[in-house]
Amino acid sequence: MMRGQEGGRSYPIHDSVEGSEETAPGAQDAWKDYVARNIAHFSIRLKREPHFHVKARTRSNQGFMVTRLYTCSGRAELQRGPIEIELDGEDRYGFFAPLRGNQQLLHCNREAHCAPDSVTMVSLAEPLLQTKDGDNDTVYFYMPRQFVEAHIIWRGDICSRTKPADDGPWRLVYETIAALQRSATAMTDDQFTRASRNIGELAMLALDGCGDVYSSAQPLRSANIARAKRIIRAGLTDPDLTLTEIARKCGLSLRYLHDLFRDDGRTLSEYLQGERLKLAHSMLNCGDVRNGSITDIAMACGFSNPSHFSTAFKRAFGTSPRSIARSVHRTV
């Protein structure tokens, strides 16, 4: 059994309450592995620094999870794109509650600045880019999608909007999330789940009081477009996924689906192609082209015409797929 250190107190690390305390050079790899095993899959880019240090602790039960991650030194980018989402299928909602240090989020087509005494909601089913600078100590609280959506209908504008925990319900949410993390190791599974549900209820109460979130809400349309996007992301690698098939799986008319996406700012075709291009871009950056040709990447991302793929890719990213593949190959 490993042992870690937090606040001068030793604590056990085992399967139900995971944790690690490492120093460079093994800390970076231990951190990546810990995040993948205990939270969700992320593609992590980390500046290798000799003094990098990490401490972590996680407790979870019945889809609820509280995690505290402390990293000392080093700039890191954690990206959760279509590949990672498809890899683990994680579909939880979570709150980021920083205790120390700042981080930036790019999520749901919005940027958010997360700082101590603030709370920011995210969805693990949506693409997410998290950037950390320097020392960082954050508590993460995750809830099952079914629990959240039983209280509120999914709205894209709920996520990636930072709420200051200066007073009122958000102060309670922030402090109770931190308190849950501190006390989780001493709880039974039933106690932990009950406490997590109560904190989740409090968070939903705080969200329900956010007039800026719901002032222009069209909940049914938002729920429908969110479902359509999930179906599209799940079928990106299927070249036979047509717009008609997407509408059928959503239980909606194709005309209505077109209207939803036009209101969202992109046509249905543009969204489908854009997600496939992002998947291809991620695969190329991960060096997957070494295991096959550019054409193989195009086919794996649902493109049946390699020439059309290359043209669309260059239009979207300003460079060709082959240029990215060569650049990645040179750095490997």
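Let's start inside the protein, at the second largest cavity: ten residues line this space, and Ile 158, Arg 161, Lys 163, Trp 170 and Leu 207 are the ones nearest its centre. Keep in mind as you look around that this is a predicted model. The volume of this second largest cavity is about 50 Å³. Strand E11, residues 118-123, is the element that gives the most to its lining, with three residues. By class, the lining of the second largest cavity consists of seven nonpolar residues, one polar residue and two charged ones.

Helix H4 covers residues 168-183 and helix H5 covers residues 189-208; their axes come within 9 Å and cross at roughly 160°. An angle over 145 degrees counts as roughly antiparallel, and H4 and H5 are therefore roughly antiparallel to each other. Their crossing is left-handed. On the H4 side, the contact is made by Pro 169, Trp 170, Leu 172, Val 173, Thr 176, Ile 177 and Leu 180, while H5 brings Phe 192, Ala 195, Ser 196, Ile 199, Leu 202, Ala 203, Ala 206 and Leu 207. Sorted by class, this contact of H4 with H5 has 13 nonpolar and two polar residues, with no charged ones. Trp 170 of H4 and Leu 207 of H5 belong to this contact, and both are also among the residues nearest the centre of the second largest cavity.

The largest cavity has a volume of about 80 Å³. Its lining is made up of Val 35, Ile 39, Phe 42, Leu 69, Leu 78, Phe 96, Gln 130, Lys 132, Tyr 140 and Tyr 142. Two strands, E12 (128-132) and E13 (136-144), are the elements that give two or more residues to this lining. In the lining of the largest cavity, eight residues are nonpolar, one is polar and one is charged.

Next, look at a pocket. The second largest pocket has a volume of about 190 Å³. The residues that line this pocket are Pro 82, Ile 85, Glu 86, Gly 89, Glu 90, Asp 91, Ala 125, Arg 230, Arg 233, Ala 234 and Leu 236. Helix H2 (82-88) and helix H7 (219-234) each supply at least two residues of that lining. What is the class make-up of the lining of the second largest pocket? Its residues divide into five nonpolar, one polar and five charged.

The contact of H8 with H9 has five nonpolar and two polar residues, and no charged ones.

The last stop is another helix pair. Helix H10 (residues 268-285) packs with helix H12 (residues 306-317) at an angle of about 85°, and their axes are 10 Å apart. That angle makes H10 roughly perpendicular to H12. In H10, the residues that take part are Gln 273, Leu 277, Lys 278, Ala 280, His 281 and Leu 284; in H12 they meet His 308, Phe 309, Ala 312, Phe 313, Ala 316 and Phe 317. By class, the contact of H10 with H12 has eight nonpolar residues, three polar ones and one charged one.

How values were computed: Residues are numbered from 1 along each chain as its sequence is written. This is a predicted model: local features need pLDDT of at least 70, side-chain atom pairs count only at pLDDT 80 or more; totals for chains, interfaces and linings use all residues. Side-chain values use heavy atoms; hydrogens and water are left out. Axes are lines fitted to C-alpha atoms, for helices over the stretch in contact, and angles run from 0 to 180 degrees between N-to-C directions. Helices (H or I, at least four residues) and strands (E, at least two) are DSSP runs, numbered from the N terminus. Angles under 35 degrees count as roughly parallel, over 145 as roughly antiparallel, 65 to 115 as roughly perpendicular and the rest as oblique. A crossing is left-handed if the near helix is turned anticlockwise from the far one by less than a right angle, and right-handed if clockwise. Contact means heavy atoms within 4.5 Å. Ala, Val, Leu, Ile, Met, Phe, Trp, Tyr, Cys and Pro count as nonpolar, Asp, Glu, Lys and Arg as charged, and the others, Gly among them, as polar. On a 1 Å grid over the protein atoms alone, a cavity is a set of points where a 1.4 Å probe fits but cannot get out, and a pocket is an open set with protein on both sides within 12 Å along at least five of seven lines; lining residues have an atom within 4 Å of a point. Grid points are joined across faces, edges and corners, and a volume is the space filled by probe spheres set on the points.
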